[in-house]
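User: I would like to learn how to read packing, secondary structure and charge pairs from a model. Please take one feature at a time.

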Amino acid sequence: MGWLWMITELLVIAVTFAALGLGFAIIFESFRRRHNNAHVESGNAIFEDPNSLKQVPCPNISDPAEKYISLIIPAFNEELRLPGALDETMNYLQQRAAKDKSFSYEVVIVDDGSADGTNRVAFDFVKKYTIDNVRVILLGRNYGKGEAIRQGMLHSRGELLLMLDADGATKVTDLEKLENQIHVVAMKEIQFGDSATGDSSLRISDIPLAAFGSRAHLEEKALATRKWYRNFLMKGFHVVVLLTAGPGIRDTQCGFKMFTRAAARKLFTNIRLKRWCFDVELVYLCKWFGIPMIEISVNWSEIPGSKVNPLSIPNMLWELALMSAGYRTGMWKIST
């Protein structure tokens, strides 16, 4: 029996050292990323007019809004899926602008270091619709979806800022669901805020609000059609998200989210995660700032070519561990 005790002791020692090593790695990496929210102006974001071949000065999220709405589309190797989504988006925006002369918009495509013809497709739309309505940010190399969206948000001109995926999985018309709810809540804030009479000079862009598109209403059907191990991974991930960011939003990962300019200014100058779990960090930061979050059901369909797979789960868990350690230890400072 002695050898059993020896093996048990060795296993306990090995597990202890592994846990200590993992903990050290998490703390070290969280410390290393403590300044990931710092914005680098030089060379990181470029607007270029393909017609004149001149660079256009980039706006900043701290500037006053110049458009009613900005649509930010992150794109990494989306040469095939991007054209259809952009055609649908531009048709909707043009039709709405034709009906309402006060409606102004821009589409900001963020090429996250694509190796295919994504930037060529994007610039074709700039040529067609002008750089005032469609702009392309070239990041130069692949940083991750979270960083692509952050850069787009920081260089947008809208009162409202919508992030949406390049695959068109959610119909662009559903933005009206998020928009309408933001208007309802914002008007209540303006009328019944801190001042008894309300501040009539406030605009919707001045009220920090976030509207999250949600696929939670589709969960029951998805559970019935997905493989058992995908359901297991999904449920496990939801539990980890709950422990990390807390309750409040059932579907953190839907790529269809809208923010007022005031909310985007607070959130995207602080966000540090650059890849898949930046959505969870947004929820955490909304709670920290006290920004109201509205979860709204949207239409969603599976589009072939998804870049998320079961192998992404370990990376997501790693990012969530970094986020938890960074904020709980105070290494990740939040700028107000």
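Analyst: Start with a contact list. The model is predicted. Leaving out residues up to four places away in sequence, methionine 153 touches Ile61, Ile72, Leu161, Leu162, Met163, Phe259, Ala264 and Phe268.

User: Which residues have the most contacts inside the largest nonpolar core?

Analyst: In soluble globular proteins, nonpolar side chains tend to be buried together. Here the largest nonpolar core has 45 residues, and those with the most contacts inside it are Met153, Phe259, Leu267 and Phe268. Among the elements that give two or more residues to this core are strand 4, helix 4 (145-154), strand 6 (158-163), helix 8 (261-268) and helix 9. A second, separate core has 44 residues, including Tyr68, Ile73, Val121 and Val298.

User: How are strand 4 and strand 5 arranged?

Analyst: Look at the sense of pairing, then at the connection. Strand 4 (residues 105-111) pairs with strand 5 in the parallel sense, over five bridges. In one of these details, valine 110 has isoleucine 137 in strand 5 as its bridge partner. Strand 4, helix 3 (residues 118-129) and strand 5 together form a right-handed β-α-β unit. Strand 5 (residues 134-138) is largely enclosed by the rest of the structure, because four of its five residues are buried.

User: Why does the span of helix 3 agree with its number of residues?

Analyst: The expected span is 1.5 Å times one less than the number of residues. Helix 3 has 12 residues and should therefore span 16 Å; its end C-alpha atoms are 17 Å apart, which agrees. The buried residues of helix 3 are Thr118, Val121, Ala122, Phe123, Phe125, Val126 and Tyr129. Just after helix 3, threonine 130 takes a positive phi of about 75°.

User: Now the charges. How many salt bridges does the structure hold?

Analyst: Side chains of opposite charge can pair when their charged atoms come close. The structure holds 19 salt bridges. In one of them, the side chains of lysine 171 and glutamate 88 meet at 3.7 Å, N to O. Lysine 171 lies in the loop between strand 6 and helix 5 (175-191) and glutamate 88 in helix 2 (residues 82-99), so the pair ties together parts that are 83 residues apart in sequence. Lysine 171 is partly exposed at 40% relative accessibility, and glutamate 88 is partly exposed at 30%.

User: Where do lysine 145 and aspartate 165 lie?

Analyst: Their side chains meet in a salt bridge at 2.8 Å, N to O. Lysine 145 is in helix 4 and aspartate 165 in the loop between strand 6 and helix 5, 20 residues apart. Lysine 145 is buried, with a relative accessible area of 18%, whereas aspartate 165 is partly exposed at 25%.

User: Which residues are linked in a network of salt bridges?

Analyst: A network joins several charged side chains through such pairs. In this model, Glu66, Lys67, Glu106, Asp132 and Arg157 are linked in this way.

Technical notes: Residues numbered from 1 in each chain as written. Predicted model: local features only at pLDDT ≥ 70, side-chain atom pairs only at ≥ 80, totals over all residues. Heavy atoms only, no water. Buried < 20%, exposed > 50% of the residue type's maximum accessible area, 1.4 Å probe, protein only. Pairing = 2+ DSSP bridges. Right-handed = clockwise from strand over helix to strand, strands pointing away. Core = buried A, V, L, I, M, F, W, Y, C linked by side-chain atoms within 4.5 Å. Contact = heavy atoms within 4.5 Å. Salt bridge = Lys/Arg side-chain N within 4 Å of Asp/Glu carboxyl O.
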